[in-house]
Amino acid sequence: MNSLSKRLLTIIAIALTAISVSAEQWHRDTLGGEFQSRFFDQGVDYSGPVRSTLVRLIPKHPAKVAVCYIHGFNDYFFQKEMAQQFVDHDYAFFAIDLRKYGRSLMSGQKRCQVRNFEEYFNDIDSALTEIRSEGYERIVMMGHSTGGLVASFYLAKTGGHGIEALLLNSPFLDWKKKKMECFVGAVSGMGRLAPNIGISSGKGTAYGESLHKDYHGEWDFDTVWKSITPTRVDLGWIRAVNSAQNYLKHHRDRIKIPILLMYSEKSVSSVDWTPEVDSADAVLDVEDIRKYGRMLGPDVTSIMVRGGRHDLVLSKKDVREPLYTYIFQWLKKTMKTTEP
């Protein structure tokens with residue numbers, strides 16, 4: 001059986017599982033309010049049983065389009081304001097917590113562990129099947145940072161299964177420091193032989209402190225699921241990231257749907273928090289985002305966000321509000337032109 005046949009069988013199995021799911025499997029989410037979530041059993045991998053999670057916020061009035069959001073590294077979905085913005089603009093909102101992240105993390109698992117980004121494809125397929133089973137045939141995918149890499153890799157490899165547009169919020173398309181690229185190339189090969197060897201992913205708490213309300217930010221999130229200090233990674237994770245990035249670099253223009261590429265005006269490197277961290281990307285190189293993001297497909301709209309943090313929707317209010325205005329204007333124009 002070839003890989004395509006196996007892939008089709010997997011999708012069919014996920015669809016059949018979704019059909020048998022009752023509404024009772026949705027439960028009140030940790031975010032409270034009208035947020036609900038449910039788990040998907042994703043079988044067993046090299047670390048044991050795994051699951052993914054889908055969170056939803058449904059508009060009070062019928063919506064024709066749904067957004068499916070994928071979080072970044074050392075992250076999970078907690079951006080309530082972002083979800084509410086989409087719902088207020090008549091979109092249904094769904095967010096995935098990938099396996100071994102956030103709500104999906106199970107006892108004994110290593111947080112964020114992955115060996116190949118194709119592991120996430122079943123998590124995405126489960127979410128998309130559920131979204132469509134609820135009557136939403138038109139879907140926009142959105143990814144932040146590593147989630148932007150995951151979403152781009154998924155769409156480039158699979159064709160997207162009917163996804164109509166892609167929103168990228170500071171996608172992780174290349175390593176931040178040029179000297180890191182030589183290091184990554186060396187350790188990526190080691191990741192095949194010794195994927196569980198852990199290494200530091202950096203120093204400092206500047207970015208985490210710029211976000212959390214207990215420090216210099218305005219946002220509340222679970223610091224076990226999204227730590228203030230950098231999270232250790234293993235060689236398998238580095239190999240997985242590097243492989244996905246290289247695939248996109250060597251297969252340009254593979255994503256045929258419209259893409260909105262968003263990134264901050266500048267990058268900043270800081271171990272300790274300074275006011276500058278509040279208005280720049282403290283995680284990735286914005287020039288790399290712009291360069292490699294424009295290569296993803298033939299229809300890429302890029303926008304530089306002045307004063308934006310790495311997670312642009314967590315920027316200061318005077319930055320994120322006009323950004324939302326632009327996003328919805330772009331979506332209105334794009335979804336109209338792609339309307340069947």
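Trainee: Where in the chain is the place of Lys100?

Mentor: In this predicted model, Lys100 sits in the loop between S5 and H3.

Trainee: Why is Lys100 called buried?

Mentor: The term applies to residues under 20% relative accessible area, and because Lys100 has 0% relative accessibility, it counts as buried. The phi of Lys100 is near 70°, a positive value in a residue other than glycine.

Trainee: What makes Cys112 buried, and where is Cys112 found?

Mentor: Cys112 is found in the loop between S5 and H3, and its relative accessibility is 2%, so Cys112 counts as buried when set against the cut-off of under 20%. Cys112 has a positive phi of about 75°, although it is not a glycine.

Trainee: How do you know whether Arg103 is buried or exposed?

Mentor: Exposed would require over 50% and buried requires under 20%; Arg103 has 5% relative accessibility and therefore counts as buried. Arg103 too is found in the loop between S5 and H3 (121–133).

Trainee: What makes the pairing of the side chains of Arg103 and Asp29 a polar contact?

Mentor: A polar contact needs a pair of N or O atoms within 3.5 Å, one able to donate a hydrogen and the other to accept it, and the side chains of Arg103 and Asp29 are joined by such a contact at 2.8 Å. The side chain of Arg103 also makes a polar contact with the side chain of Asp97, at 2.8 Å.

Trainee: Which residues is Arg103 in contact with, leaving aside its neighbours within four places in sequence?

Mentor: Among them are Asp29, Thr30, Leu31, Phe39, Arg51, Tyr76, Phe77 and Trp225, and here contact means heavy atoms within 4.5 Å. Val55 is also one of the contacts of Arg103, and Val55 stands opposite Ala95 in S5, while Ser37 stands opposite Val55 in S3.

Trainee: How do you know that S3 and S5 pair, and in which sense?

Mentor: Two strands pair if at least two bridges are found between them, and S3 and S5 have 5 bridges, in the antiparallel sense. S2 and S3 are joined by 8 bridges and run antiparallel, with a hairpin of 2 residues leading from S2 to S3. S1 and strand S2 (residues 36–45) pair in the antiparallel sense over 2 bridges, and within this pairing Gln36 in S2 is the bridge partner of Arg28.

Trainee: What makes strand S1 and strand S11 edge strands?

Mentor: The 9 strands form an open sheet, with mixed pairing, in the order S1-S2-S3-S5-S4-S6-S7-S10-S11. Strand S1 (27–28) and strand S11 (300–305) each pair on one side only, and they are the edge strands.

Trainee: Which helices lie across strands of this sheet?

Mentor: Helix H4 (residues 146–158) lies across S4, S6 and S7, and runs at about 135° to S6. Helix H8 (residues 286–293) lies across strand S10 (259–264) and S11, running at about 165° to S10.

Trainee: Which residues of helix H2 are called buried, and what covers them?

Mentor: The buried residues of helix H2 (residues 80–88) are Met82, Ala83, Gln85, Phe86 and Val87. Their cover includes strand S3 (48–57), strand S4 (65–70), strand S5 (91–97), strand S6 (138–144), S7 and helix H9 (317–337). Just after H2, Asp90 takes a positive phi of about 70°.

Trainee: Which members of the largest nonpolar core touch the most other members?

Mentor: Of its 59 residues, these are Phe117, Met141, Leu166 and Trp237. Helix H7 (residues 235–250) gives the most to this core, with 8 residues. A second, separate core has 47 residues, including Phe35, Leu260, Val277 and Leu331. As for Met141, its contacts beyond four places in sequence include Cys68, Ile70, Ile124, Tyr154 and Leu166.

Trainee: How do you know where confidence in the model is lowest and highest?

Mentor: The mean pLDDT of the chain is 91, and 89% of its residues reach 70 or more. On the scale from 0 to 100, helix H1 (residues 3–19) has the lowest mean, at 48, and strand S7 (residues 165–169) has the highest, at 99. Over residues 13–23 pLDDT stays under 50, and the model has 8 contacts beyond four places in sequence for this stretch.

Terms used: Residues are numbered from 1 along each chain as its sequence is written. This is a predicted model: local features need pLDDT of at least 70, side-chain atom pairs count only at pLDDT 80 or more; totals for chains, interfaces and linings use all residues. Side-chain values use heavy atoms; hydrogens and water are left out. pLDDT is the predictor's confidence in each residue, from 0 to 100. Helices (H or I, at least four residues) and strands (E, at least two) are DSSP runs, numbered from the N terminus. A nonpolar core is a set of buried Ala, Val, Leu, Ile, Met, Phe, Trp, Tyr and Cys residues joined through side-chain atoms within 4.5 Å. Buried means under 20% relative accessible area, exposed over 50%, partly exposed in between (1.4 Å probe, protein chains only). Axes are lines fitted to C-alpha atoms, for helices over the stretch in contact, and angles run from 0 to 180 degrees between N-to-C directions.
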